[in-house]
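Thanks for making time this morning. I would like to take you through one structure, and I will ask you to keep the picture in view while I talk.

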Amino acid sequence: MIFKRMLGALGVGGPSVDTVLATPRVRPGGPLRGEVRIKGGDFDTDIQYVALGLVTRVESEYGEGEHVGLMEFLRAEVSGSFRLRAGEDRVIPFELPVPWEAPVTEIHGQRLHGMAMGVRTELAVAGAVDKGDMDPVEIEPLPSQEAVLRAFAQLGFQFKSADLEQGHIYGADQRLPFYQEIEFYPPPAYSGLVNEVELTFVSGPGGMDVVLEADRRGGFHGSGGDSFGRWRVGHDEALHRDWAADINGWLAALSQHGHGGAHGHAAGHGYDGHHDPYAHGGHHDPYAHGGHHGHQGHHGGPGFGAVAAAGAAGLVGGFVAAEIVDEIGDAFEGDDDSDFGGGDWGDD
């Protein structure tokens with residue numbers, strides 16, 4: 001993906017910039033590589049710096065409402081000051097480390113509905129900053145994360161949508177100011193027990209937290225509400241766990257202990273060898289510190305159909321993306337000229 005734009009800070013005759021990604025698809029913890037190509041305009045220009053940032057769409061809650069806005073969660077200067085001669089071609093290679101907690105946007109070539117991410121190029125020229133356009137980038141799951149996602153498909157969950165929520169997971173070594181929720185409709189066996197299940201990964205170089213939240217249905221015998229499960233595992237261990245059995249067991253525990261207002265947590269056995277992190281008399285919300293925002297504002301529907309049982313080959317049938325975020329160009333740039341407005345980011 002390449003974009004070209006005349007720098008608005010200088011107007012007609014100023015330099016132009018192309019950003020080329022050599023790795024438009026990366027995994028958390030991996031390198032994002034490419035180069036920034038700058039071409040001089042009609043006159044010499046003093047460039048103060050060239051910076052790149054990873055930008056995504058995050059939901060936050062204020063009072064009774066929600067706000068959706070842009071958040072830059074990785075930023076790096078790839079060049080300091082230099083003089084760009086008229087007509088000169090300058091190439092600046094770069095390699096940025098993608099954060100381990102970067103949210104998943106694509107699974108086996110299919111984008112997750114609700115997710116969007118881009119690389120923004122910023123040039124400072126003559127005291128003015130031009131943030132340019134953005135280049136879409138996709139984050140694919142780690143093999144350890146894919147093992148968990150495969151289990152959801154094997155159990156018959158239906159993908160609903162995904163989003164990013166501002167806040168922190170209780171007890172996790174979380175570095176980014178937001179977390180991802182991947183939402184599923186339950187299989188028929190548990191459709192009377194839960195409305196949906198949300199999956200969150202908090203990953204690092206040594207392993208990851210796998211956090212589940214079940215939105216439990218209320219009824220004559222039950223109080224409804226949310227219940228949580230949690231595992232902390234190494235990446236290698238995650239590849240060999242029977243995640244389908246773990247998730248199914250957690251749901252079964254909810255059905256056995258979920259009445260009378262109790263909140264069951266069956267995941268403690270997998271939490272780094274320690275006791276249930278939600279113990280001590282009831283459930284301890286892992287989205288504490290004002291970080292969890294419930295389910296208001298989450299969009300999506302059951303139009304994905306049943307998720308086929310997925311083998312080692314993949315999950316494409318279970319995670320086919322619907323339309324990406326409404327008018328992603330407007331969401332990111334606020335104008336119709338953004339590279340996020342269509343093409344690779346439009347309807348599939």
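Leaving aside neighbours within four places in sequence, which residues is Gly-40 in contact with? Before I answer, a word on the source: this is a predicted model, in which local features need pLDDT of at least 70 and side-chain atom pairs count only at pLDDT 80 or more, while totals for chains, interfaces and linings use all residues. Residues are numbered from 1 along each chain as its sequence is written, and side-chain values use heavy atoms, with hydrogens and water left out.

Now to the answer: Gly-40 is in contact, meaning heavy atoms within 4.5 Å, with Pro-15, Leu-84, Arg-85, Gly-87 and Glu-88. Gly-40 is found in the loop between strand S4 (31-39) and strand S5 (45-62), and at 10% relative accessibility Gly-40 counts as buried, a word that stands for under 20% relative accessible area, with exposed being over 50% and partly exposed in between, using a 1.4 Å probe and protein chains only. The C-alpha atoms of Gly-40 and Ser-16 are separated by 6.8 Å, although these residues are 24 apart along the chain.

Stepping back, the protein has four helices and 19 strands, taken as DSSP runs numbered from the N terminus, with H or I over at least four residues for helices and E over at least two for strands. Of its 348 residues, 54% count as buried.

How far can we trust the coordinates? The mean pLDDT, which is the predictor's confidence in each residue from 0 to 100, is 74 for the protein, and 67% of the residues reach 70 or more. Over residues 218-223 the pLDDT is below 50, and this stretch has eight contacts in the model beyond near neighbours in sequence. Residues 259-348 also stay under 50, and for them the model has 226 contacts beyond four places in sequence. Where pLDDT is low, the predicted coordinates should not be read in detail.

One local feature deserves a look, and that is His-108, which sits in the loop between strand S9 (106-107) and strand S10 (110-111). Its phi is near 50 degrees, a positive value in a residue other than glycine, whereas most residues other than glycine have a negative phi. His-108 is partly exposed, with a relative accessible area of 35%.
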